[in-house]
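Subject: The structure I promised

Hi,

Here is the structure I said I would pass on. Have a look at it first, and then read my notes below.

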Amino acid sequence: MQIEITVNGTTESHDVEARTLLVYYLRDAVGLKGTNIGCDTTSCGACTVLLNGQSVKSCTVLAAQVAGDEVTTIEGMALEDGRMHPVQQAFQECHGLQCGYCTPGMVMAITSLLAENPEPTEEYIRLGLEGNLCRCTGYHNIVAAALAASGAPEMHQ
Amino acid sequence: MIPASFDYVRVGSADEAIGLLSEHGEDAKLLAGGHSLLPLMKLRLAQPSLLVDIGPLREFSYVTDEEDYLAVGALTRHHDIAVSPLTLSSVPLLAHVAGQIGDPQVRHRGTIGGSICHGDPASDLPAVLLALGATFVARGPNGQREIDAKDFFVSFFEVALKPDELLVEIRVPRPSDARWGFEKLTKRAQDWAIVGAVAVRSASGVGVGLINMGPVPLRSGAVEAAVLSGANAAEAAQFAAEGTEPSADFNGSVAYRQHVARVLVRRALEKAGV
Ligand SMILES: Cc1cc2nc3c(=O)[nH]c(=O)nc-3n(C[C@H](O)[C@H](O)[C@H](O)COP(=O)(O)OP(=O)(O)OC[C@H]3O[C@@H](n4cnc5c(N)ncnc54)[C@H](O)[C@@H]3O)c2cc1C
Ligand code: FES
Ligand code: FES
């Protein structure tokens, strides 16, 4: 079936099977490989993208379910002038990644958390990231990055 | 993992969904948020030949104040219930529990109707709605009917809906001056309850619900009777395992779960002011 989804502001239209999961639509049909697949069972959060601004796990959403909706992936995060998004910038500055496998999902999950609560506490961030697993960092620097990003002026525009 | 092939229809109205269910019977499955059904389909534990996507029916996503109850549309997502000012002010227990389900990503997709209709005894909301004495509204080819929460959960993953019925609304009583407690034991963040307990105490009575303590979510009549006859939280909680048939698995034996139920019911009752 033909499925049209706005991905990072561009209208995409691809002929895929009804059973195509959003993550495969993004990776294989659109060709954006930034969204990772970790567990494939809704547990790890590596596949997190924004759906109409809210974080969702794209391994557990059918592309067909979100036809006509807006999806943002890690490739759509950079600011218009090419600079990194404040959450990405904060990951770099706070050393919030090691192997980087969880990072796209973490960045999307944190962006959604900060949209819902622009002045978060550390507890809010820690609880809010319960659906995102990281095997490397021990989370401290990821939480630090989220808190640092929340103070960035671009987040409050 | 990719589900087996299926036909997919995105419906524009509840009647269209009911028509498709009537026509296709057991081969068709409703899809709401998909956060219970799609994982099963990916594991090929479910292989419906037709998916009827009711996700677009946003007219069933609402929380409104009615005279005697809070009305929640079946397609309201957990996140929207958790942050709804109306839920927070009139049934804060419901907002609290909706805000504890899974993780934010799950709460952005999963719906209250899906949680109820899936019939998983490990789900949080069914036991809470039992304890609150909620009523469910189902719509079928011949119109709407109301089903008491206590009559809804039939057996393991089986509920009282007919194959051509759609759950459209959940009616939640608003006990005045209610105090409540909700306790959930998990080993990992984001998990389903190994055991969970909920208690609601108000002028109109007491409700105690148990999560994952049998093939269906339970209401604990024995604990409620003890509270009504004047027992304190610790005394009443001793009855928490009565009539339960929890399963044994890698998370715990039957005896362990029954012990945990007594502990969690005591804590929930204490928080509810018993
Ligand atoms: C990682 C993860 C963690 C989770 N953790 C928890 C947790 O801690 N606690 C908890 O309670 N739940 C948890 N869940 C389940 C979550 O709450 C689901 O969203 C919910 O159980 C199902 O809602 P849904 O809208 O996604 O339903 P779907 O998956 O779309 O549907 C589930 C079933 O209900 C039927 N159905 C759906 N809507 C209707 C309707 N209106 N009328 C009739 N039938 C209908 C469908 O046909 C299907 O059989 C978790 C899920 C995941 C993936
Ligand atoms: S790949 Fe989707 S949650 Fe792990
Ligand atoms: S940085 Fe390696 S998994 Fe998180």
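Which residues is B:Phe136 in contact with, leaving aside its neighbours within four places in sequence? Before I get to that, some ground rules. This is a predicted model, where local features need pLDDT of at least 70 and side-chain atom pairs count only at pLDDT 80 or more, while totals for chains, interfaces and linings use all residues. Residues are numbered from 1 along each chain as its sequence is written, chains are lettered from A and ligands numbered from 1 in the order in which they are written, and side-chain values use heavy atoms, with hydrogens and water left out.

Back to B:Phe136: its contacts (heavy atoms within 4.5 Å) are B:Ile116, B:Leu129, B:Arg145, B:Glu146, B:Ile147, B:Ala149, B:Phe152, B:Phe153, B:Leu167, B:Glu169 and B:Ile170.

Buried here is under 20% relative accessible area, exposed is over 50%, and partly exposed is in between (1.4 Å probe, protein chains only). Helices (H or I, at least four residues) and strands (E, at least two) are DSSP runs, numbered from the N terminus. Domain 2 and domain 3 of chain B each supply at least three residues to this core.

Now for chain B as a whole. Chain B has 12 helices and 14 strands. Its radius of gyration over C-alpha atoms is 18 Å, close to the 19 Å that the globule rule (2.2 Å times the number of residues to the power 0.38) gives for 274 residues, so chain B is as compact as a globular protein of that length. Of those 274 residues, 56% count as buried.

Chain B has an open sheet of 5 strands in the order 4-5-10-6-7, with antiparallel pairing; strands pair if DSSP finds at least two bridges between them. Strand 4 (63–65) and strand 7 (143–148) of chain B are at the edges with a single partner strand each, so one side of each has no neighbour in the sheet. Strand 6 (residues 135–140) and strand 7 of chain B pair over 6 bridges, and B:Thr135 stands opposite B:Asp148.

Finally, chain A. Its domain assignment gives domain 1 (2–76) and domain 2 (86–150), with C-alpha centres 21 Å apart. Between them, 18 residues of domain 1 of chain A are in contact with 14 residues of domain 2 of chain A. In helix 2 of chain A (residues 86–93), A:Pro86, A:Val87, A:Gln88, A:Ala90 and A:Phe91 are buried. The buried residues of helix 2 of chain A pack against helix 3 (103–116) and helix 5 (140–150) of chain A. Just after helix 2 of chain A, A:His95 has a positive phi of about 55°.

Cheers

Definitions and conventions:
Domain bounds come from an automatic or database domain assignment.
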